[in-house]
Amino acid sequence: MKIAISMLALLPIFVLTACTNNSKTISSKSKIESKPTPVLQTDRYTIVELDDPIHKYVLDQIINISLPKNLNLTVKDGMEYALKQSGYSLCTNSDINVLYESTLPKVQYKMGPILLNDALHVMAGPVWNLDVNDVEREICFHLKKGYSRKQQPISSVKQEPQFDTYQVPPRMIETKGGKK
């Protein structure tokens, strides 16, 4: 009976020691080499681990996009907003106007935290490849292999309105010394 009572007295101690975590994480790096990974707290419950942000490639920066939902924006508008402070711009190419003139889906009006590169891919869609010209700091897109644009029928091409032309006789210009 004394053993049972002494076991009951020790039970809370065993329970308390079982709940504590005495395990240590083992790092492959020594204490001298290891640096803490910088983190960014974006809101109350979200913490994003960052690499060294000073030396990162511009298109690998983490951004947040929040566009007003009451506007009807194009994909080009959304991409230009995302690239606004990056130093990069979109290329101008008639082949990608079909992408640029498309309506930006409302679900893409708010994105992030997301890498700038990934945000551009999301806005472009799965059929477009991203081309980066770091020399000109320009972003362009081209269709992935196996996809093609729908060709416009010839009849739908806008033609300039035809105006009747008339010959207008030259006007006589008078100068101080007489007619010319």
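Q: Which element gives the most to the lining of the largest pocket?
A: A quick heads-up: this is a predicted model, where local features need pLDDT of at least 70 and side-chain atom pairs count only at pLDDT 80 or more, while totals for chains, interfaces and linings use all residues. Numbering starts from 1 along each chain as its sequence is written, and side-chain values use heavy atoms, leaving out hydrogens and water. Helices (H or I, at least four residues) and strands (E, at least two) are DSSP runs, numbered from the N terminus. With four residues, the top contributor to this lining is β3.

Q: What is the volume of the largest pocket?
A: On a 1 Å grid over the protein atoms alone, a pocket is an open set of points where a 1.4 Å probe fits, with protein on both sides within 12 Å along at least five of seven lines; lining residues have an atom within 4 Å of a point. Grid points are joined across faces, edges and corners, and the volume is the space filled by probe spheres set on the points. For the largest pocket, that comes to about 180 Å³.

Q: How many residues of the lining of the largest pocket are charged?
A: Among the lining residues are Ile62, Ile63, Tyr81, Lys84 and Leu116. In the sorting used here, Ala, Val, Leu, Ile, Met, Phe, Trp, Tyr, Cys and Pro count as nonpolar, Asp, Glu, Lys and Arg as charged, and the others, Gly among them, as polar. The lining has seven nonpolar and four polar residues, and the charged count is one.

Q: Which residue does the disulfide join to Cys91?
A: A disulfide is a pair of cysteine sulfur atoms within 2.5 Å, and the structure holds one. Here the S to S distance is 2.0 Å, and the partner of Cys91 is Cys140.

Q: How many residues apart in sequence are the parts that the Cys91 and Cys140 pair ties together?
A: Cys91 sits in the loop between β4 (89-90) and α3 (97-100), and Cys140 belongs to strand β7 (residues 138-143). So the pair ties together parts whose separation in sequence is 49 residues.

Q: Is Leu83 buried or exposed?
A: Leu83 is part of helix α2 (residues 75-83). Buried means under 20% relative accessible area, exposed over 50%, and partly exposed in between, using a 1.4 Å probe and protein chains only. Because its relative accessible area is 3%, Leu83 is buried.

Q: How far apart in space are Leu83 and Asn117, C-alpha to C-alpha?
A: Contact means heavy atoms within 4.5 Å, and beyond four places in sequence Leu83 touches residues including Tyr88, Leu116 and Leu120. Leu83 and Asn117 are 34 residues apart in sequence, and their C-alpha distance is 9.7 Å.

Q: What is the relative accessible area of Gln108?
A: Gln108 lies in the loop between α3 and β5. Not counting residues up to four places away in sequence, Gln108 touches Ile65, Val122 and Met123. Gln108 counts as buried because its relative accessible area is 11%.
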